[in-house]
Amino acid sequence: MFGTCCQIGGKMAPSGTLSLLQRIPGSTAVFLALFGVLVTVQCDEQVPVIMWTSEGSSLPPQAPPTAGHIVGHQQLASYLEKALNVGPRNVVLFLQDKMSIEDFTLYGGAFGNKQDGVFPNLEGALQASSSPLVLPAVSWPASNAVIGQLQDQLETSPLYMDPETLSQLRLNASSPALLVFRLPYGTGSDLLSAKEILSGNDEVMGQVMSIMKSQSVPYTAIYTGLQPSRKEAASLSVEAGLGGGRSLLQSRGGYRDRWRDRERQQRVKDVYPPVEFKEDDRTCMMLWAKGLTVSILRSNRWEEHDLTPSTFGEGVSPKLHGSDCDKSKARLVLNYENVLGHRSFKLIFVMSQRHYKVSARRWFTLDAVELEYDGTKATFNGSRNIYAPAEYSYRCKSVSSFRWPLLVPRSPKDPANQWRVSFDDFQIQGFNLSGSEFSYASDCAGFFSAGIWMGLVTSLLMVLVLTYGLHMIMQLLTMDRFDDPKGPGISVPQTE
């Protein structure tokens, strides 16, 4: 069905599984081929794309790419156009942050250990589909643009969903829809966590397919990634292979050290500078977030817009006009254009600091996060949950207005009830900045977590049981009189 996806020295690598797959019929061959590809050459710019339909629907027959061929932007668009012209136009897109063919090799039970595979729902869907399509090597810029291609062909906007929201949505088979489910991917060298995350992604896909089946709506499903997940590992495996087997055993100067160095460099490269507002050549406010999204409720559907690319990144300079700061108050204004149909859109952070007598120190609070759009203002209150000592910055892994909200609408009638705001890995400071770096961060995670509380309560119960037992043992009294079998019997008067 398909072969390896790379080249060595300008020659295509042969497919080791092609002849075997030609003898396996139909849908079974597709999934076995996906898990049977063992990539041992450099494959650092490709992402697989998997496409299938629900039971009772089918895709038009399309010839898979030849072994070693990399599918580009135009060819991928051709594949999608042919599929949507014939197949269902309700498209479910599972978009993973990172993906490579090695993920299926490592975690898909490709070595006979099917019980350890983490893709049972994906495997079942491919086997149940009458005409699945697997593209093992797609140029990752092309896969990164798959949302735009689907949006142009379906002529509809994408809806970013989760299984809970999908269960409340009623789809129409005659009306096209583009449902996008973002899936995470494990980072770092913890293979166990990556396997658990991929298994969780497969469960999410299983839930989504079950909900679509219960609604009896035919659909076309696509599973792909935004960028390759193992480009560093693949290139290093080639270096190790060309360098000889001895290099694998070297503890100094070996490929593992180079792998760690490259991972460290990649992490540094992925970190972008924070938003910085200066007044009189002095930095007075800073904001950083790994992800920033806003969503609005329209026709019982949440429409999402990602503000991260226009706020953070190398060469990105957000418009900050309207911002101001002094010793007691600060106001950071981020200005955008054409956000969710609004020509003018502002994201405003209102902060203040004051002295509290109880703690005998100054604290700053994020009083409000405001959305101004076309003359309307939506206000989220954050002063109850987002605060830190005035000399510190505030940091939190997740700040949102819907899941474990730290931001709440100011009133039940406020337009903020129609909006959602979400920050991933959020950090902000509005006072006492020195230079262009954040001060020490006050994290939102409390000292007493759920595990600590469980341990303390359990220990307290154990101490109480032990104390009660010791108290009962200390109350035991021994006999002070004993009966002598050779002497007269002991008489105990009733008065005693």
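Tyr272 is buried, at 16% relative accessible area (buried means under 20%, exposed over 50%, partly exposed in between, with a 1.4 Å probe and protein chains only). Phe312 is buried too, at 4% relative accessibility. The model is predicted: local features need pLDDT of at least 70, side-chain atom pairs count only at pLDDT 80 or more, and totals for chains, interfaces and linings use all residues. Residues are numbered from 1 along each chain as its sequence is written, and side-chain values use heavy atoms, without hydrogens and water.

The count of aromatic pairs is 16 (rings of Phe, Tyr and Trp, the last by its six-membered ring, with centres within 6.5 Å; planes under 30 degrees apart are stacked, over 60 edge-to-face, the rest tilted). Tyr272 and Phe312 form a stacked pair, 5.6 Å centre to centre with 25° between the planes. Tyr272 lies in the loop between helix 11 (255-270) and strand 9 (275-279), and Phe312 in the loop between strand 12 (301-306) and strand 13 (324-325), so the pair ties together parts 40 residues apart in sequence. Helices (H or I, at least four residues) and strands (E, at least two) are DSSP runs numbered from the N terminus. Tyr336 and Phe345 form a tilted pair, with ring centres 6.4 Å apart and planes at 55°. Both residues of this pair, Tyr336 and Phe345, are buried. Ring pairs join Tyr336, Phe345, Tyr373 and Trp419 in a cluster.

Trp419 also belongs to the largest nonpolar core, of 46 residues (a core is a set of buried Ala, Val, Leu, Ile, Met, Phe, Trp, Tyr and Cys residues joined through side-chain atoms within 4.5 Å). Phe349, Tyr394, Trp419 and Phe423 touch the most other members. Another core lies apart from it, with 36 residues, including Met99 and Tyr219.

Six strands form an open sheet in the order 5-3-8-4-7-6, with mixed pairing (strands pair if DSSP finds at least two bridges between them). Strand 5 (133-139) and strand 6 (158-160) are at the edges, each with a single partner strand, so one side of each has no neighbour in the sheet. Strand 4 (residues 90-98) and strand 8 (residues 220-227) run parallel, joined by seven bridges. Val91 is opposite Thr220 in strand 8.

Asp103 sits in helix 4 (residues 101-107). Asp103 is buried, at 1% relative accessibility. Its side chain makes polar contacts with the side chains of Tyr185, at 2.7 Å, and Ser229, at 3.0 Å. A polar contact is a pair of N or O atoms within 3.5 Å; within protein, one must be able to donate a hydrogen and the other to accept it, and residues adjacent in sequence count only if both atoms are side-chain atoms.
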